[in-house]
Amino acid sequence: MFIKPYTKSTHLEAMEMLLKRLSLDHPKHLTVTNQIGTTRAGDIGEEIVFRELENMHLPFKFYAFHKLLLHAEKSFELDFLLITPFGAIILEVKNMIGILEFTENPSQLIQRKETGDINKIPCPAVQLNDYKYQLSQFFNDHNIPIQIFGAVVFASRKSFVKTSTNKAQILYRNEVRPFLRKFQKLPSTVTEQDMEKIKDVLLLSNTPFTHFPLSKHFSIQPKDIIRGVECTRCGYLGMQKRNRTWYCPSCRKNDYSAYKNTVTSYFLLCKDTITNKECREFLLLSNRHEAKRILANSNLTKTGSHKSSVYKLIE
Ligand SMILES: [Zn+2]
């Protein structure tokens, strides 16, 4: 049973918003584009594994979590964690196509694509073992004695592992179910009560992604972020405020609530607070009262009064 089901990462949506608001010749344009590609591929791989797990009927009770961000010696993020009567099982998902070779000493994963491109990435087996260690520290800190297992899962049908490693269990996606079924042969060491307790501890300890605002995360000057209300139909930045609506000069769409996405973008990209002046600057709005109305309708908390009002997202 999924306690924390798959969700697309907010980070990805925020990076997509950022990219739309960076000029093509901005020095960080390529960095953000590449990171979007990696994150998107990762998300797709995780969604594939999630579908496998979601439709799975195991002969024992289990709790599953997608994307837990926990803290032990350092922060670590688990793609999937299963709590079962036999222990905790981490699944580290990789969505990589082509021929894959694990090398030893030093440990690496080499990817050869059909196009001839070669990538070298840190060994996911080493990464998994580090997560197992971090998770054992985490459970120690919470006085939870539990055995920890794990596997690296290659989610794409187009991945071919030519040379494997003995540092960790390596699986293709169709091997996930048989791998998990095998656990029932082990003695059960986690009671139902323990499972409930562990579930609560994990949910309470999960810390959401905190790399916002993204301009800071990517060291981009907020002034480099292109302003204006984004058209929900054609993506044009710079819709114009007209009486009761926002008008797109590019595709002529009228949308009275078009500002909403742009206010969200402001918080994800620029700053965690907004004043009336900043709102006018970002939405390219001249009317102070109009900005006040928008901020009042944006689900924000307000501190200060009159001209010194500052608005924040409700947490
Ligand atoms: Zn438009």
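Analyst: Two residues are in contact here if their C-beta atoms, placed from the backbone, lie within 7 Å. Among the contacts in the protein chain with a separation of 6 or more, 59% are between residues 24 or more positions apart. This is a predicted model, in which local features need pLDDT of at least 70 and side-chain atom pairs count only at pLDDT 80 or more, while totals for chains, interfaces and linings use all residues. Residues are numbered from 1 along each chain as its sequence is written.

As a setting, the C-alpha trace spans about 70 × 50 × 35 Å along its principal axes, and the chain holds nine helices and 16 strands, taken as DSSP runs (helices H or I, at least four residues; strands E, at least two) and numbered from the N terminus. An automatic or database assignment sets the domain bounds, giving domain 1 (2-205) and domain 2 (227-313), whose C-alpha centres lie 38 Å apart, with five residues of domain 1 in contact with five residues of domain 2.

The part to examine closely is an open sheet of three strands, ordered 11-12-13 with antiparallel pairing, where a pair requires at least two DSSP bridges. Strand 11 (240-242) and strand 13 (254-255) each have a single partner strand and stand at the edges, so one side of each is left without a neighbour in the sheet. Strand 11 is joined to strand 12 (residues 245-247) by three bridges, the two running antiparallel, and glutamine 240 has tyrosine 247 of strand 12 as its bridge partner.
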